[in-house]
Amino acid sequence: MRHWPENQIKIVMIRHGETASNKEQRYLGKTDEPLSEEGIKVLQEAKDAGVYPEIDYLFSSPMKRCLETAKILYPDKEPIIIPDWEEMNFGIFEGKNYIDLQRDERYQAWIDSNGTLPFPEGESREDFDNRCKQGFQRMISYLMNLLKQVKDSKLTIGLIVHGGIIMSLLSRYHGGEYFNYQVPNGNGYICSLKGSLKKPEIAEIKKLWENKL
């Protein structure tokens with residue numbers, strides 16, 4: 001298995017721009033909602049301010065809000081779609097916010113579990129984490145094939161994904177608690193990839209907008 005020295009491959013994980021449901025703090029999972037006008041404006045302003053680094057290759061969730069974000073931030077890059085990186089299935093919580101759910105006993109039970117219970121009629125954290133891992137391994141396999149073809153293996157990879165995907169991947173491959181990696185729309189993390197195809201790790205993590213905005 002090929003090993004990568006630290007800092008050889010950088011990964012820029014970006015949460016998609018804001019949608020109408022995001023602004024109202026509603027659970028937005030399987031609903032294929034587009035970006036809001038305000039979300040587009042904020043992304044464009046951040047891009048113009050030089051927040052987002054240049055990348056060599058781009059990976060994305062297949063959902064509309066991620067693909068629209070990819071087109072705004074990296075219009076010259078054709079995103080490689082990772083089907084496993086759809087957002088979590090929130091079940092009966094989909095489209096609702098904490099105000100709508102405050103009298104729902106099932107919601108209170110989920111809160112009391114620190115988000116570890118499966119969403120009613122939705123997805124469990126374990127199943128979600130497993131498909132996030134599967135998507136990550138799919139991306140790694142693509143990179144391994146790519147590195148056989150290019151002389152310069154110092155690459156910067158962009159990921160346009162959902163907040164849940166970022167939390168799952170970083171807690172698995174960098175360590176720490178799942179909810180420690182929450183980020184606002186359009187924000188994210190820059191990190192380096194090390195290890196091998198069998199045991200990839202994420203290192204040197206820092207906030208994308210650190211010292212920028």
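What follows is a conversation about reading the features of a predicted model of one protein chain.

Colleague: What share of the residues is buried, and what share of the contacts comes from residues 24 or more positions apart?

Modeller: Of the 213 residues, 51% count as buried. For the contacts with a separation of 6 or more, residues 24 or more positions apart account for 70%. The accessible surface comes to about 10900 Å², and carbon and sulfur atoms hold 47% of that surface.

Colleague: How do I read the pairing of strands, and which strands does strand 2 join?

Modeller: Begin with strand 2, residues 57-60, which is joined by 4 bridges to strand 4, residues 155-161, the two running parallel. Strand 2 is also joined to strand 3, residues 80-81, by 2 bridges, and this pair runs parallel as well.

Colleague: How is a pair of aromatic rings described?

Modeller: A pair of aromatic rings is described by two values, the distance of the centres and the angle of the planes. In this structure a search of the whole model finds 15 aromatic pairs. In one of them, the rings of Tyr-107 and Trp-110 have their centres 6.3 Å apart and their planes at 15 degrees, and because planes under 30 degrees apart count as stacked, this pair is stacked. Tyr-107 and Trp-110 are 3 residues apart in helix 5, residues 105-112, so about one helical turn separates them. Both Tyr-107 and Trp-110 are buried.

Colleague: Where do Phe-136 and Tyr-173 lie, and how are their rings arranged?

Modeller: The rings of Phe-136 and Tyr-173 have centres 4.3 Å apart and planes at 25 degrees, so this pair is stacked too. Phe-136 lies in helix 6, residues 125-147, and Tyr-173 in helix 7, residues 163-173, so the pair ties together parts that are 37 residues apart in sequence. Phe-136 is buried, as is Tyr-173.

Colleague: Which residues do ring pairs link into a cluster, and which residue lies over the face of Tyr-178?

Modeller: Ring pairs link Tyr-27, Phe-90, Phe-93, Tyr-107, Trp-110 and Phe-119 into a cluster. As for Tyr-178, Arg-125 lies over the face of its ring, at 3.8 Å from the ring centre.

Colleague: Which residues have a positive phi although they are not glycines?

Modeller: Among them is Asn-114, with a positive phi of about 60 degrees, found in the loop between helix 5 and helix 6. Glu-121 also has a positive phi of about 60 degrees and has its place in the loop between helix 5 and helix 6. Glu-121 is exposed, because its relative accessible area is 70%.

Colleague: How far apart are Leu-193 and Ile-11, in sequence and in space?

Modeller: Leu-193 and Ile-11 are 182 residues apart in sequence and 7.0 Å apart in space, taken from C-alpha to C-alpha. Leu-193 is found in strand 5, residues 188-196, and counts as buried because its relative accessibility is 0%.

Colleague: What is Leu-143 in contact with, leaving aside its neighbours within four places in sequence?

Modeller: With those neighbours left aside, Leu-143 is in contact with Phe-59 and Ile-157. Leu-143 is found in helix 6 and is buried, with a relative accessible area of 0%. From C-alpha to C-alpha, Leu-143 and Glu-177 are 27 Å apart in space, and 34 residues separate them in sequence.

Key. Residues are numbered from 1 along each chain as its sequence is written. This is a predicted model: local features need pLDDT of at least 70, side-chain atom pairs count only at pLDDT 80 or more; totals for chains, interfaces and linings use all residues. Side-chain values use heavy atoms; hydrogens and water are left out. Rings of Phe, Tyr and Trp (its six-membered ring) pair if their centres lie within 6.5 Å; planes under 30 degrees apart count as stacked, over 60 as edge-to-face and the rest as tilted. Buried means under 20% relative accessible area, exposed over 50%, partly exposed in between (1.4 Å probe, protein chains only). A charge sits over a ring if NZ of Lys or CZ of Arg is within 6 Å of the ring centre and within 35 degrees of the ring normal. Contact means heavy atoms within 4.5 Å. Accessible areas come from the Shrake-Rupley method with a 1.4 Å probe; for residues, only the protein chains shown count as cover. Two strands pair if DSSP finds at least two bridges between them.
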